[in-house]
Structure formats: C-alpha cells, structure tokens
Amino acid sequence: MKKIIQIFIIVATFVSCASTKNAPNETSVEKKQTSKNTSEKCILPSDIFDRLQRPLGHKVSTQLQPVSRKNWEYHMAGIGWWDIYLLSGKKLGNGIYEKSVETTADNEIIELHGIKSPSDNTVNMVEILFVAQDKNSVENIRNEFQQEATKFFGKQGKQSVGSTEWESGWFSYASYSIQQHESGKWIYLVSAFDASNSLY
C-alpha cells in the first residue's frame, strides 16, 4: 500500500510538471497581445516620406477632387491660420485637391495636394493631416513622426514658430503644432513643399 501511494505521488508530480511546461506563460501571452495592440494602434504610415515627396514636381492627378469645405477648414486650423480663415469670411481656397481620406478606429488621415498656380497644375505642396477626437492619439503620431524624421534626415529639425522644419535640396518639410478645430477635433499636420516649383 505504501508503495502504491509513493508511485501515485511520483506520477502526480510528473503529470503536474509536464502540464506546467506545456501551459502557455501568461506573461508572454500578455506581452504578445500588448505588442499586437500597440502595432495595431500605430497610425503613422510606413511610407510617410514617400507620400510627401512623390507627387512634388508632377502634374496633379485628374482623379483628385477640389478640397472640401471640411478638409479646407482642417488645413487652415492645422497650419494655425484659423483666424485668417475667419477674417477672410471663411473663403474656400483654390488650388488644393484631396487625394484620399483614410479612416481608422481613432483617426482620419487626409492627404492634400496644392498646385503652383491656376495656370500651372504642378504639385508644389503635399500635406497629410491626422484628425482625431482624442488629443493623445495625434500627440503619439507627432512624436513618432519627429523620431522618423530625425532618422530620415539624419538630424534634428529646426524649431520655428508653430513648427519644426527640415530641408533637403529644394524640398522643405514641416511638422506643425497640434491645433484644435472648432468642432473639438484635434489636428496634426505634416507637409512637404517644393521650392523649385514655387511662385515666390
């Protein structure tokens, strides 16, 4: 009887050790889920600089539509010109076109292309706006963009009033301060400008 009890204890110990080895580590499962959630919340497009650069110097696509009132307001608020917009009688700007509006769980990503002049439809400005109800969401995007820009350009951006700027050849890039639209939404705007195709 004593031997049977000892064998039972040894078998029970072996089984419990084997099942512990096969059970997934809760900490590693949590880490995997956290990293998955973090990557899903990463909104900054991986091709952000491609999207900012590629259209510059080319004719604006015929598939683009003139900017809508809502997106023009986001543009004006995003670059900190809301007061000018109000003083102008809320005049809708000419020469800016919408490429796309992407919607994620937390953000809208709006891409705008600006042309040189009414007589020359060469793209000389590209803007990408991140619009969200939650300020933390656009703050995270701004921080990520600043890090990516430092890697991309190999240097810190130059601080200016309301923006951080980088230059590369004829191209100027800017990361603007986060602004709030009158709707309560928060806007973070990044842009690229082609000085070789500027009227100024």
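Predicted model: local features only at pLDDT ≥ 70, side-chain atom pairs only at ≥ 80, totals over all residues.
Q: What share of the residues in the protein chain is buried?

A: Of the 200 residues in the protein chain, buried ones make up 36%. The accessible surface of the chain comes to about 12600 Å², and 54% of that surface belongs to carbon and sulfur atoms.

Q: Which share of the contacts with a separation of 6 or more comes from residues 24 or more positions apart?

A: Residues 24 or more positions apart account for 58% of the contacts in the protein chain that have a separation of 6 or more. We can now look at individual pairs.

Q: How many salt bridges does the structure hold, and what is a salt bridge?

A: The general idea is that a side-chain nitrogen of Lys or Arg lies within 4 Å of a carboxyl oxygen of Asp or Glu, and the structure holds 8 such salt bridges. One of them is formed by E102 and R51, whose closest N and O atoms are 2.9 Å apart. Because E102 lies in strand β2 (residues 96-103) and R51 in helix α3 (residues 48-53), this pair ties together parts that are 51 residues apart in sequence.

Q: Are E102 and R51 buried, partly exposed or exposed?

A: A residue is called buried when its relative accessible area is under 20%, exposed when it is over 50%, and partly exposed in between. E102 has a relative accessibility of 32% and therefore counts as partly exposed, whereas R51, at 14%, counts as buried. R51 and E102 are also linked with E111 in a network of salt bridges.

Q: Where do D120 and K59 lie, the two residues that form another salt bridge?

A: In this salt bridge the closest N and O atoms of D120 and K59 are 3.4 Å apart. D120 lies in strand β4 (residues 120-132), while K59 lies in the loop between α3 and β1 (65-66), so the pair ties together parts that are 61 residues apart in sequence. K59 is exposed, because its relative accessible area is 55%.

Q: Which parts of the chain are linked by the pair K70 and E108?

A: The side chains of K70 and E108 meet in a salt bridge, at 3.3 Å from N to O. This pair links distant parts of the chain, as K70 is in helix α4 (residues 69-78) and E108 is in strand β3 (residues 107-117), 38 residues apart. K70 counts as partly exposed because its relative accessibility is 41%, and E108 counts as buried because its value is 12%.

Q: How many bridges join β2 to β3, and do the two strands run parallel or antiparallel?

A: β2 and β3 are joined by 7 bridges and run antiparallel, and the two strands form a hairpin with 3 residues between them. β2 is also joined to β1 by 2 bridges, and this pair runs antiparallel too. To follow the pairing residue by residue, take E98 in β2, which stands opposite Q65 and also stands opposite L112 in β3. As a general idea, the side chains in a regular strand alternate between the two faces of the sheet.

Q: How many aromatic pairs does a search of the whole structure find?

A: The search finds 10 aromatic pairs. Among them is the pair of F49 and F153, which is edge-to-face, with 5.6 Å from centre to centre and 90° between the planes. F49 lies in helix α3 and F153 in helix α6 (residues 135-153), so this pair ties together parts that are 104 residues apart in sequence. F49 counts as buried because its relative accessibility is 8%, and F153 is buried as well, with a relative accessible area of 15%.

Q: Why is the pair of F130 and Y188 called stacked?

A: Planes under 30 degrees apart count as stacked, and the rings of F130 and Y188 have their planes at 20° and their centres 6.1 Å apart, so the pair is stacked. The pair links distant parts of the chain, with F130 in strand β4 and Y188 in strand β9 (residues 186-194), 58 residues apart. F130 is buried, with a relative accessible area of 0%, and Y188, at 0% relative accessibility, counts as buried.

Q: Which residues do ring pairs link into a cluster?

A: The cluster linked by ring pairs consists of F49, F145, F152, F153, W166 and Y173.

Note on methods:
Residues numbered from 1 in each chain as written. Heavy atoms only, no water. Helix = DSSP H or I, 4+ residues; strand = E, 2+ residues; numbered from the N terminus. Buried < 20%, exposed > 50% of the residue type's maximum accessible area, 1.4 Å probe, protein only. Pairing = 2+ DSSP bridges. Contact = heavy atoms within 4.5 Å. Areas by Shrake-Rupley, 256 points an atom, 1.4 Å probe, with all protein chains shown as cover. Phe/Tyr/Trp six-rings, centres within 6.5 Å; stacked < 30°, edge-to-face > 60°.
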